[in-house]
Amino acid sequence: MTDKIVYLDNNATTKIDPIVFEAMVPYFCEYYGNPSSTHEFGGKVSYAIRDARESVKDLMGASDMKEIIFTGSGSESANTAIRGVLEANKNKKHIITTKVEHPCVLNLYKYFEKQGYEVTYLGVDSEGNLDLNELSEAVTPDTALVSLMAANNETGVIFPYQRAASIVKSKNPKTKVFVDAVQAAGKIPLDVKNTDVDLMGIAGHKIHAPKGVGALYIKTGTLLPALIIGGHQERGKRAGTENVTSIVGLGVAARLAKESLNDEITRVKSLRDKLENGILSSIYNARVNGSRNNRVPNTTNIGFQYIEGELILLHMNDLGICASSGSACTSGSLEPSHVLKAMGVPFTALHGSIRFSLSRFTTSEQIDYTLKVLPDVIFKLNNISPYQKELAELKTAKK
C-alpha cells in the first residue's frame with residue numbers, strides 16, 4: 001500500500017472544498033443561535049440560511065428561493081418528492097421510472113409495488129440513452145408520477161429531462177415529474193425555471209459540501225405533504241431545527257459549483273478524455289460503457305473484458321488509486337451493475353467494469369500516474385484470467 005492517493009471516485013463523494021469548510025466554521029461555536037429564534041443572535045443564523053437558499057436556487061436554475069427546501073441527503077430529497085406526490089394523489093396508482101435509476105429511487109418504487117402500485121420501468125439503449133417514445137407511450141390518465149435522472153451515477157449519461165417533462169405534461173398535465181439531479185449538479189447547467197419539471201433533488205456531498213445535507217426544488221403550486229412532521233421549518237415541508245453548518249456549506253458549495261461550470265466542461269473534461277483515451281490505447285481489452293458524447297464531463301465507465309472488477313479495484317487500491325465498480329450504495333455487492341445490465345453490456349465486460357469520476361481538484365499529474373501504473377495491473381490480471389483463449393482472440397482482433 002502506498003501513501004499516495006489519487007481520488008477518482010468523485011461520483012461516490014467529494015472532498016469538502018476548503019473555502020466551504022472555512023465558511024462553515026463560525027456556525028459551530030460563534031453563530032450558534034437557533035434560526036427560529038426571534039432575537040437578533042438567532043436572526044444572523046437565519047440570514048445565513050437564506051443566503052444559502054439563494055445560492056442553491058441559482059445553481060438549480062429556479063425562479064424563487066422559496067421553491068428550495070433543505071433536506072438531509074439526495075435520498076431524502078427523492079423520498080420526500082416521491083412519497084409526497086403519491087400521498088397527495090392517492091387515487092392514482094401508476095408510476096413511471098427507468099431501469100437505471102439510483103437505488104434510492106428503485107428500491108422506493110419496489111416498495112410501492114408491494115403497496116399495490118403499477119410501476120413501469122423504462123429501458124435504455126446500448127449507450128444508456130432513454131427512449132422518449134417509450135416514455136410517451138407509458139403515460140396514462142392514471143399516472144401520478146414520473147421520476148427520471150438528469151445524469152446517471154455510473155455512466156454519466158445525460159437524460160433529456162426537460163424534453164421528457166414536456167412529453168409527460170403533453171400526455172397528462174396532472175402527472176408530476178421528479179428529476180434526480182444529484183450527479184448533474186455542478187457538472188452541467190441546470191434550469192428548472194423554464195421547464196415542466198415539478199421537483200428536483202440534489203446532494204451536498206457530490207459538489208464539495210458536507211455529507212448529510214441536500215436540497216429539493218418544489219415548483220410553486222405543487223402540493224407536497226411533509227415527509228417529516230413537526231415544526232414550521234422549511235415552510236412546514238421538513239420539520240426539525242436546521243443543520244445550519246451544513247446548509248451554509250451547501251450554499252457556498254452551490255455558488256462555487258456554478259462558478260466552476262466552465263472549468264468542469266473544459267479542463268475536467270479534458271482530463272477525463274486523457275484518462276479514457278490513454279486506457280483505450282494501452283489496454284486492448286478495455287471498452288467504454290455508455291455514450292462517449294451524451295454524458296457529464298467528469299465520468300467514464302470502462303469495462304475490462306474477461307477480468308474481475310473487484311480484483312482491479314484491489315490492485316488499484318494498493319497503488320493509491322480510488323475508483324469504484326458502480327454506485328457507492330451498491331459497490332459492496334457482488335451482483336453486476338443493474339445499470340450496465342439494462343444497457344446490455346456483454347457478460348465479458350459486465351463484471352470487469354470500473355467507474356472513474358473526476359472533480360475540479362483532479363490534476364494532470366494524477367491522471368499521468370494512473371495511466372502509468374494501470375496497464376501493468378491489467379496485464380497481470382489478464383495473465384491469470386481463466387479466459388486466455390478469448391483474450392488472445394480479442395488481442396488479435398484489436399491489432
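Start by selecting Gly290, which counts as buried because its relative accessibility is 9%; buried means under 20% relative accessible area, exposed over 50%, and partly exposed in between, with a 1.4 Å probe and protein chains only. Before you go on, note that this is a predicted model, where local features need pLDDT of at least 70, side-chain atom pairs count only at pLDDT 80 or more, and totals for chains, interfaces and linings use all residues. Residues are numbered from 1 along each chain as its sequence is written, and side-chain values use heavy atoms, with hydrogens and water left out.

**Stop 1: around Gly290**

Gly290 sits in the loop between S9 and S10. Helices (H or I, at least four residues) and strands (E, at least two) are DSSP runs, numbered from the N terminus. Which residues does Gly290 touch, leaving aside its neighbours within four places in sequence? Show Glu127, Val157 and Met343: these are in contact with Gly290, where contact means heavy atoms within 4.5 Å.

**Stop 2: helix H9**

Next, select residues 261–282, which form helix H9. Its 22 residues reach 31 Å from first C-alpha to last, close to the 32 Å expected at 1.5 Å a residue; the expected span is 1.5 Å times one less than the number of residues. Where does H9 bend? Look at Lys269, where the bend is about 30 degrees, taken as the angle between axes fitted to the seven residues ending there and the seven starting there.

Colour the buried residues of H9, among them Leu261, Glu264, Val268, Leu271 and Leu275. An α-helix has 3.6 residues a turn, so residues three or four places apart point the same way. To see what covers the buried residues of H9, show elements including helix H8 (244–259), strand S10 (299–304) and helix H13 (364–384).

**Stop 3: two positive phi values**

Most residues other than glycine have a negative phi. Select His208, whose phi is near 70 degrees, in the loop between strand S7 (199–203) and strand S8 (214–218). His208 counts as buried because its relative accessibility is 4%.

Then move to Arg235 in the loop between S8 and H8. Its phi is also positive, near 55 degrees. Is Arg235 buried or partly exposed? At 43% relative accessibility, Arg235 counts as partly exposed.

**Last stop: Phe28**

Finish with Phe28 in helix H2 (residues 26–29). Phe28 counts as partly exposed because its relative accessibility is 48%.
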